[in-house]
Amino acid sequence: EMEAYEDEDINLSKSIISFVQGFLTTHDEVLKAYSIFNTNKVTTLDSQTKLRIREILIKRTQNENYQDLIKKTSIGFYTGTSQISKKGKYLNKYIVNSFGFVDLEDKKYTIGITIIEPDLNKNNGYFKYANYSSSPLFLAIAKKLIEK
């Protein structure tokens with residue numbers, strides 16, 4: 001669950017999901033969308049499209065060298081970084097995301113990590129990118145689920 005964001009001048013819903021700058025959605029909507037790729041829920045997407053997107057996410061994760069984790073399960077995720085805007089201008093503030101799934105033999109999980117205004121002083125400023133902030137959290141959660 002996300003904490004409330006106090007600044008009413010910032011259009012947070014526009015910045016919340018960063019796969020495309022200005023894409024209007026919420027954390028929960030994207031989480032629900034990702035859950036489609038690892039469940040049998042009936043949706044407007046046909047099964048071939050769901051399977052293809054799932055394969056793309058798994059392949060992308062494999063390309064990121066998470067092989068030790070992947071050997072034990074099916075895991076796929078995607079990350080994003082966007083700047084927060086205020087009154088039509090981008091600030092030096094960011095939102096980072098990692099969304100995806102972890103499928104074990106007996107259970108399937110959908111995970112969504114959103115960090116609003118990550119610490120820009122960490123890791124020489126690279127913490128503003130999902131690869132350095134939300135991705136490690138996603139992978140830590142995935143690892144705990146696999147180890148159980």
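How many aromatic pairs does a search of the whole structure find? The count is 4 aromatic pairs, and keep in mind that this is a predicted model. The close-ups below take a look at some of the rings.

**View 1. F77 and F138 make a stacked pair.** A pair of aromatic rings is described by the distance of the centres and the angle of the planes. Here the ring centres of F77 and F138 sit 4.5 Å apart and the planes meet at 25°, which is under the 30 degrees cut-off, so the pair counts as stacked. The two partners come from distant parts of the chain, 61 residues apart. F77 belongs to strand 1 (residues 74–86), while F138 belongs to helix 5 (residues 134–147). Buried or exposed, what are F77 and F138? Both are buried.

**View 2. K122 sits over F127.** Here's another charge over a ring. The charged end of K122 is 5.3 Å from the centre of the F127 ring.

**View 3. Three tyrosines, Y126, Y129 and Y132, form one aromatic cluster.** Y126, Y129 and Y132 also make a nonpolar surface patch of about 300 Å². Pick out Y129 and you're in the loop between strand 3 (108–116) and helix 5. With a relative accessible area of 35%, which falls between the 20% and 50% cut-offs, Y129 is classed as partly exposed.

Notes
Residues are numbered from 1 along each chain as its sequence is written. This is a predicted model: local features need pLDDT of at least 70, side-chain atom pairs count only at pLDDT 80 or more; totals for chains, interfaces and linings use all residues. Side-chain values use heavy atoms; hydrogens and water are left out. Rings of Phe, Tyr and Trp (its six-membered ring) pair if their centres lie within 6.5 Å; planes under 30 degrees apart count as stacked, over 60 as edge-to-face and the rest as tilted. Helices (H or I, at least four residues) and strands (E, at least two) are DSSP runs, numbered from the N terminus. Buried means under 20% relative accessible area, exposed over 50%, partly exposed in between (1.4 Å probe, protein chains only). A charge sits over a ring if NZ of Lys or CZ of Arg is within 6 Å of the ring centre and within 35 degrees of the ring normal. Patches are made of residues with over 30% relative accessible area and no salt bridge: like charges are joined within 9 Å, nonpolar side chains (Val, Leu, Ile, Met, Phe, Trp, Tyr) within 5 Å. Accessible areas come from the Shrake-Rupley method with a 1.4 Å probe; for residues, only the protein chains shown count as cover. A salt bridge is a side-chain nitrogen of Lys or Arg within 4 Å of a carboxyl oxygen of Asp or Glu.
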